[in-house]
Amino acid sequence: MKYLLQDLKVRIHDKIYIKDPESSALGKRIIEHSILMIHEMGFESFTFKKLGEKIGSNESSIYRYFENKHKLLLYLTSWYWGWLEYQLVFSTNSIANPDKKLKKAIEIITRSVKEDLSFSHINEIILNKIVVNEYSKSYLTKEVDKENKEGYFAIYKRLVVRIKEMIQEVNAKYSYPSSLSSTIIEGALHQHFLKEHFPQLTNCNETVTPTKYFTDLVFNSLNKK
């Protein structure tokens with residue numbers, strides 16, 4: 001899978017950016033260092049001015065790629081969901097048994113992320129931490145309905161649909177496949193957040209993983225032991 005992914009590009013909705021950051025060395029530096037800086041200082045404190053100073057470029061050059069930092073966050077989170085979708089597709093494509101396929105999908109969505117060297121300018125481990133801590137800020141806005149209609153969340157929604165279809169393959173009579181699918185994705189972020197910041201509020205720890213919890217939750221919900 002590593003070698004297959006080397007030739008793939010995560011395709012982001014072109015309205016999210018002004019100029020594709022993947023098209024130039026400067027654009028890739030913007031992405032690389034924005035991930036590191038948002039992780040270090042938080043999204044609220046992050047600015048294009050600070051990013052420009054870090055990469056030795058004018059603030060105006062960053063605005064040639066992104067209209068504002070909200071669009072940059074949308075780009076980063078969309079990239080993450082697209083990258084995760086690749087992991088899901090390649091890891092489950094050859095699995096015929098519906099139960100095993102869904103269990104593998106749950107593992108991909110809920111496990112701790114490892115760095116993928118196929119994308120040298122993106123640290124997926126740090127990007128995952130940003131998604132865990134900052135993803136809700138990309139959609140908890142006044143513009144969410146408009147941005148949804150324009151397709152900004154298409155990759156995330158496509159991922160939900162993929163898992164929903166796997167759930168239906170396991171139990172076609174289950175009444176809430178979309179809700180369960182989105183619960184796995186959103187819940188995994190939340191459990192990783194709780195594990196790191198509020199450990200007393202979760203049973204997930206060094207031995208009980210979010211994967212183990214969600215596998216139990218899903219298959220009990222589907223009446224599949």
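Predicted model: local features only at pLDDT ≥ 70, side-chain atom pairs only at ≥ 80, totals over all residues.
Local features were taken only at pLDDT of at least 70 and side-chain atom pairs only at pLDDT 80 or more, whereas totals for chains, interfaces and linings use all residues. Residues are numbered from 1 along each chain as its sequence is written, and side-chain values use heavy atoms, with hydrogens and water left out.

Two cavities of 30 Å³ or more are present in the structure. A cavity is a set of points, on a 1 Å grid over the protein atoms alone, where a 1.4 Å probe fits but cannot get out; lining residues have an atom within 4 Å of a point. Grid points are joined across faces, edges and corners, and a volume is the space filled by probe spheres set on the points.

The largest cavity has a volume of about 50 Å³. Its lining consists of Leu 74, Thr 77, Ser 78, Trp 81, Tyr 135, Ser 138, Tyr 152, Phe 153, Ala 154, Ile 155 and Tyr 156. Two or more of these residues are given by each of the elements α5 (69-92) and α9 (154-170), helices being DSSP runs (H or I, at least four residues) numbered from the N terminus. Helix α5 supplies the largest share, four residues. By class, the lining holds eight nonpolar, three polar and no charged residues (Ala, Val, Leu, Ile, Met, Phe, Trp, Tyr, Cys and Pro count as nonpolar, Asp, Glu, Lys and Arg as charged, and the others, Gly among them, as polar).

For the second largest cavity the volume is about 30 Å³. Tyr 80, Ile 109, Thr 110, Arg 111, Asn 128, Val 132, Ala 188, Leu 189 and His 192 line this cavity. The elements giving two or more residues to this lining are α6 (98-110), α7 (124-134) and α10 (177-197), and the largest share, three residues, comes from α10. Five residues of the lining are nonpolar, three polar and one charged. Asn 128, one of the lining residues, is located in helix α7 and is buried at 14% relative accessibility (buried, under 20% relative accessible area; exposed, over 50%; partly exposed, in between; 1.4 Å probe, protein chains only). Apart from neighbours within four places in sequence, Asn 128 is in contact (heavy atoms within 4.5 Å) with Tyr 80 and Val 113.

The structure contains 14 aromatic pairs. Rings of Phe, Tyr and Trp (its six-membered ring) pair if their centres lie within 6.5 Å; planes under 30 degrees apart count as stacked, over 60 as edge-to-face and the rest as tilted. Tyr 17 and Tyr 75 form an edge-to-face pair, at 6.1 Å centre to centre with 75° between the planes. Tyr 17 lies in the loop between α1 (2-5) and α2 (25-41) and Tyr 75 in helix α5, so the pair ties together parts 58 residues apart in sequence. Tyr 17 is buried at 16% relative accessibility, as is Tyr 75 at 1%. The pair of Phe 193 and Phe 198 is tilted, at 6.2 Å centre to centre and 45° between the planes; Phe 193 is partly exposed at 24% and Phe 198 partly exposed at 37%.

A cluster linked by ring pairs comprises Trp 79, Tyr 80, Trp 81, Trp 83, Tyr 135, Tyr 139 and Tyr 156.

Conventions
1 Å grid on protein atoms, 1.4 Å probe; cavity = no way out; pocket = protein on both sides within 12 Å on 5 of 7 lines; lining within 4 Å.
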